[in-house]
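Take a look at it, then read on.

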Amino acid sequence: MAEHDHTAPVAAGDHFDGLRLRGVTKSFGGFTAVRDLDLDIPSGSFFALLGPSGCGKTTTLRMVAGLETPTSGSITLAGEDITTAKPYRRPVNTVFQSYALFPHLDIFENVAFGLRRRKRPEVERQVNEMLELVELTTQARKKPAQLSGGQQQRVALARALINEPQVLLLDEPLGALDLKLRRSMQIEIKRIQTEVGQTFVHVTHDQEEAMTMADTVAVMNGGLIEQMGSPSELYENPRSTFVANFLGQSNLIEGAVRERAADLVRVEMHGITVSIPAARAHADGDKGWVGIRPEKVLIGEEGEELDAPGNSVPGGVVSDVSFVGVSTQYLVRMPWGQELQVFAQNTGHRRLFRVGERVELSWRPEYSFLLDFSQDASAGAQRGDEG
């Protein structure tokens with residue numbers, strides 16, 4: 001997918017039924033939070049805006065909600081221009097990290113609030129259906145303070161969904177929950193989205209959360225979309241050092257391009273020639289960063305034939321060993337001085353290596369990628385928690 005697709009503004013005959021942003025820019029004084037953003041979010045999809053603090057993702061969400069007005073550009077929903085529409089005039093609801101439940105109302109009345117305010121019929125039936133969807137039927141007459149954080153989050157979801165918004169915006173919705181609860185809520189929210197079939201746009205700085213829940217992820221950095229695609233596409237074939245480092249971890253090794261064939265690019269990496277599929281080579285110049293994910297690297301005895309024909313890198317020395325249960329994480333110092341990360345699954349088929357042992361590394365060419373050498377190899381690696 002193109003990293004930045006400048007498409008003409010939505011035409012009168014164009015009936016895209018989803019959410020569309022065209023050339024959207026938002027500046028606050030001299031600071032530009034979002035730059036010339038183009039985005040198509042199909043109706044019924046689960047879409048995540050992922051990025052570090054200050055990347056522009058929350059500002060983008062607030063512009064869709066109507067809480068901020070774009071400096072320039074347009075926002076359309078099902079073909080209707082909502083760029084300057086008041087928040088209450090938009091078929092959009094937002095679920096915040098803070099839940100924002102009414103403490104004096106019970107769960108039933110919290111969920112019913114929007115329907116009662118708009119004097120809708122059949123309130124009881126609709127609320128009961130929604131409580132069933134979020135599995136809180138037995139909690140209907142409790143107050144929010146009597147529920148756990150995860151249950152309160154489900155109430156906030158039910159209260160937003162009962163209004164049948166075309167788009168549900170989720171702003172760091174799981175940030176206040178502990179890790180174990182966050183994991184179960186990721187699965188829960190994805191289940192609810194699948195059942196109701198509405199468009200969910202989820203803003204988060206948590207890469208695991210975005211990859212677990214969303215069909216499509218847009219990685220934002222500095223007000224721009226670095227790359228957009230399915231979670232597996234972004235992880236397996238990153239197009240920039242920022243994406244390679246922000247989504248998981250990557251070894252990035254300096255290399256010189258020696259040959260470009262139709263389907264393979266050959267790169268010399270500190271005296272060792274490695275092959276990279278042309279479809280995963282995103283560097284036009286004669287230098288680049290050879291990328292390989294730590295779990296894709298095999299580690300073996302010095303001189304051992306590893307089951308990864310193609311790219312074999314000898315001369316490593318183990319400099320650090322961390323046993324983390326499901327895997328053992330090694331740092332291996334290479335002859336050129338760089339430490340590479342290797343994550344080895346603890347299957348029991350192979351012994352653990354110790355610090356100071358000489359080892360051989362290997363990986364299959366189809367797992368590697370090549371990135372532009374002009375990019376900072378450490379971009380995106382320092383993921384601070386936004387809280």
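This is a predicted model: local features need pLDDT of at least 70, side-chain atom pairs count only at pLDDT 80 or more; totals for chains, interfaces and linings use all residues.

Residues are numbered from 1 along each chain as its sequence is written, and side-chain values use heavy atoms, with hydrogens and water left out.

**Helices α2 and α3**
- The axes (lines fitted to C-alpha atoms over the stretch in contact, with angles from 0 to 180 degrees between N-to-C directions) of α2 (residues 107–117) and α3 (residues 123–133) come within 10 Å and cross at roughly 125°.
- Contact here means heavy atoms within 4.5 Å, and the residues making it include Phe-108 and Leu-115 of α2 and Val-127 and Leu-131 of α3.

**Salt bridges**
- Counting a side-chain nitrogen of Lys or Arg within 4 Å of a carboxyl oxygen of Asp or Glu, you get 23 salt bridges.
- Glu-195 pairs up with Arg-191 at 2.8 Å, N to O; the two sit four residues apart in helix α5 (residues 179–196), about one helical turn.
- Glu-195 is exposed at 52% relative accessible area, while Arg-191 is partly exposed at 24% (buried is under 20%, exposed over 50%, partly exposed in between, with a 1.4 Å probe and protein chains only).
- Arg-358 and Glu-302 form another salt bridge, their closest N and O atoms 3.0 Å apart.
- That pair links distant parts of the chain, with Arg-358 in strand β20 and Glu-302 in the loop between β16 and β17 (311–323), 56 residues apart. (Helices are DSSP runs of H or I, at least four residues, and strands are runs of E, at least two, numbered from the N terminus.)
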